[in-house]
Amino acid sequence: MPPVIGSYASPIPAKTGIGLRFQHHHAVIDARPDVAWMEVHTENYMGGGTPLRHLDAIRRDTPISLHGVGLSLGSAEGLDPAHLQRIKQVAERIEPGLMSEHIAWSVVDRNYLADLLPLPMTEEALEVVCRHVDQMQSYVNCRILVENPSTYVIFRHSTIPEWEFMAAVAARTGCGILCDVNNIYVSAQNHGWDASAYLAGLPPTAIGEIHLAGHAVRQLPDGKILRIDDHGSAVIPEVWALYQEALARFGPVPTLIEWDNNIPPLEMLLTEVRRAAAFISDVERGVAYADAA
Amino acid sequence: MLNAGLRMPTLLDLQRVMRASIVQHDASAMVEALAVGVEPGRLDIYRNTIFSGLTRALRLAFPAVERLVGDDFFAGAAAAFIREHLPGAAYLDHYGGEFPDFLSGFPPAASLPYLGDVAKLEWAVNRALHAPDKIPLDLSQLMGLSLEDQQRGSFRVHPSVGLLRSDFPVDEIWRAVLDADDQALAKLDLATEPNFLLVERGVSDVAVTRLQGPAWQFLDALCRGESLPSAIDCATDVDAPSLLAEHLASGRFIAFLLDANGAVAPPEAA
């Protein structure tokens with residue numbers, strides 16, 4: 001059974017937000033853009049000084065989501081208690097509206113491999129991930145969201161489709177799902193999956209957030225195209241279409257625009273935000289029409 | 001079907017095998033674990049992400065070293081360092097503490113004898129930048145103690161404070177390199193006296209200050225946890241009261257420890 005879990009101080013609204021990066025701290029503090037919420041990487045605020053002071057200022061009028069990139073929920077060796085403690089310290093300081101982590105691994109034998117590495121979709125990996133989600137949720141005393149990965153390889157001994165793996169983690173631990181629509185598109189293209197079937201396999205009530213981002217396209221020596229989740233460009237039309245499909249299935253969900261490489265001026269992120277917001281409005285109107293009918 | 005006969009790796013096996021493929025370029029076991037038809041070259045994506053991410057973390061912490069040796073040299077030194085020193089956790093603001101010693105012993109960098117010390121200074125600056133926020137101890141908290149307690153206790157230093165001694169004028173090298181000040185670089189005299197530096201985070205920025213040798217030795221002794229009388233013994237001819245007042249006024253200490261059971265500290269600093 002999932003542990004008894006506390007609630008968040010300032011919840012994240014079912015609107016569009018941006019991933020806040022250092023490059024935009026001053027622009028955000030000065031211009032106070034009309035963004036419903038923002039998300040930061042937990043690991044970037046584990047020290048003190050200027051970054052934390054900026055975030056303190058920004059969070060006074062904007063709900064913040066903490067998105068961890070390094071806890072390594074999928075490590076066979078267990079979670080690093082020191083890292084878990086750092087996450088909790090950031091949460092106590094920032095009072096986030098949501099906390100999330102990834103279905104991936106990064107640490108083996110206490111070596112941190114600075115990437116979100118793919119897990120085999122096996123019963124063993126599922127048990128490991130669920131144990132660690134339980135551990136994190138009881139330690140931070142909040143329900144967390146777990147994000148579906150983007151992957152470039154799959155394993156010979158995988159037995160569970162990834163969407164079933166995601167659904168099982170949510171069902172067994174009570175956590176929510178952070179549905180990264182770009183990751184679904186990237187992985188589906190890389191492995192020949194049906195992205196719509198992936199969405200259909202996720203439990204709608206567990207979806208707590210959606211991520212949108214751009215990705216790169218590379219041709220491999222064998223001539224095949226590989227899509228790489230680099231968050232370095234605008235969201236592509238195919239991913240917007242998949243996003244609309246996700247909203248139709250899940251209803252309005254807090255949606256984040258992520259941009260981590262070739263970071264553009266804030267205004268460009270806001271253009272993407274407005275585009276996503278329009279799709280959410282469409283769905284809200286659709287919901288209203290359905291209620292009236 | 002195709003899987004028959006192959007031993008399925010445990011999760012721990014697989015994670016070790018994947019590390020070997022990424023860090024040691026030994027993909028033989030990893031390739032066996034991949035699904036049929038997955039081109040092993042795809043593993044390069046992960047290696048590139050990891051090495052470029054960690055190299056970027058080192059560039060951020062060691063910008064003057066990078067300018068001194070150039071982009072390509074830095075990338076090569078960083079890659080060699082990363083293979084030997086993977087980070088222990090995803091807290092990359094703390095990654096790179098062993099890089100200065102690595103550079104000091106890196107044969108291709110032997111023509112720049114001061115490189116390791118410049119790196120040490122940059123690491124101290126990086127530590128100061130990212131140190132946790134702490135409430136400083138103030139003089140009144142110390143004045144409330146008996147003279148005997150003042151003499152036997154020891155200070156806990158603010159985590160942003162770092163002390164550095166070098167046989168080279170590393171502070172001048174560091175500033176001139178970061179300011180791209182060619183005139184200052186040309187005027188540098190490498191054969192100066194030993195250089196005693198204090199690095200700390202001020203209100204808005206990190207400050208690097210030169211101290212007199214005895215003043216540095218006094219502060220160094222206090223930072224190592226020596227009592228006031230023995231810190232005074234470590235440094236010759238220092239005006240201890242005025243130095244101590246300055247350290248306290250600058251917020252360089254966060255607690256005063258009396259013994260295992262007693263400490264004087266601001267409410268949230270302990």
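**Close-up views of a predicted two-chain model**

View 1. Strand S10 (residues 216-219) and strand S11 (residues 225-228) of chain A form an antiparallel pair held over four bridges. The model is predicted, as are the views that follow. Across the pair, A:Val217 lies opposite A:Arg227 of S11(A). Five residues separate the two strands of the hairpin. Among the hairpin residues, A:Gly223 has a positive phi near 90 degrees.

**View 2. The closed barrel of chain A.** Eight strands of chain A close into a barrel in the order S1-S2-S3-S4-S7-S8-S9-S12. Their pairing is parallel. From one strand to the next, the twist averages 30 degrees. One pair in detail: strand S2 (residues 37-41) and strand S3 (residues 64-67) of chain A run parallel and are joined by four bridges. Within this pair, A:Val40 has A:Leu66 of S3(A) as its bridge partner. Helix H8 (residues 237-250) of chain A packs on the sheet. H8(A) touches strand S8 (176-180) and strand S9 (207-212) of chain A. The direction of H8(A) makes about 170 degrees with that of S9(A).

**View 3. The surroundings of A:Leu212 and the nonpolar core.** The largest nonpolar core holds 161 residues. A:Leu212 is among those with the most contacts inside this core, along with A:Val146, A:Val169, A:Ile177, A:Val181, B:Val65 and B:Val118. Which residues does A:Leu212 contact, leaving aside its neighbours within four places in sequence? They are A:Val181, A:Asn182, A:Val235, A:Val239, A:Tyr243, A:Thr255, A:Leu256, A:Ile257 and A:Ala276.

**View 4. The side of chain B that touches chain A.** Here 41 residues of chain B are in contact with 40 residues of chain A. Helix H1 (11-23), helix H3 (43-61) and helix H7 (115-130) of chain B each supply at least two residues to the chain B side. H1(B) gives the most, with eight residues. By class, this side of chain B has 26 nonpolar, eight polar and seven charged residues.

**View 5. The open sheet of chain B.** Three strands of chain B form an open sheet in the order S2-S3-S4, with antiparallel pairing. Strand S2 (162-166) and strand S4 (206-211) of chain B are the edge strands. Each has a single partner strand, so one side of each lacks a neighbour in the sheet. The twist averages 25 degrees from one strand to the next. S2(B) pairs with strand S3 (residues 195-201) of chain B in the antiparallel sense, over five bridges. B:Leu164 stands opposite B:Leu197 in S3(B). Helix H10 (residues 170-178) of chain B packs on the sheet and touches S2, S3 and S4 of chain B. The direction of H10(B) makes about 55 degrees with that of S3(B).

**View 6. The two faces of H14(B).** Helix H14 (residues 240-249) of chain B has three named buried residues: B:Leu243, B:Leu244 and B:His247. Why do they lie on the same side of H14(B)? They do so because they cover an arc of only 100 degrees around the axis. The cover over these buried residues includes helix H12 (213-223) and strand S5 (253-259) of chain B. On the face turned away from the buried side of H14(B) are the exposed residues B:Pro241, B:Ser242, B:Ala245 and B:Ala249. After H14(B) comes B:Gly251, with a positive phi near 70 degrees.

Definitions and conventions
Residues numbered from 1 in each chain as written. Chains lettered and ligands numbered in written order. Predicted model: local features only at pLDDT ≥ 70, side-chain atom pairs only at ≥ 80, totals over all residues. Buried ≥ 20, exposed ≤ 12 C-beta atoms within 10 Å, placed from the backbone. Arc of directions from axis to C-beta. Contact = placed C-beta atoms within 7 Å. Nonpolar A, V, L, I, M, F, W, Y, C, P; charged D, E, K, R; others polar. Core = buried A, V, L, I, M, F, W, Y, C linked by C-beta atoms within 7 Å. Pairing = 2+ DSSP bridges. Axes fitted to C-alpha atoms, helices over the stretch in contact; angles between N-to-C directions.
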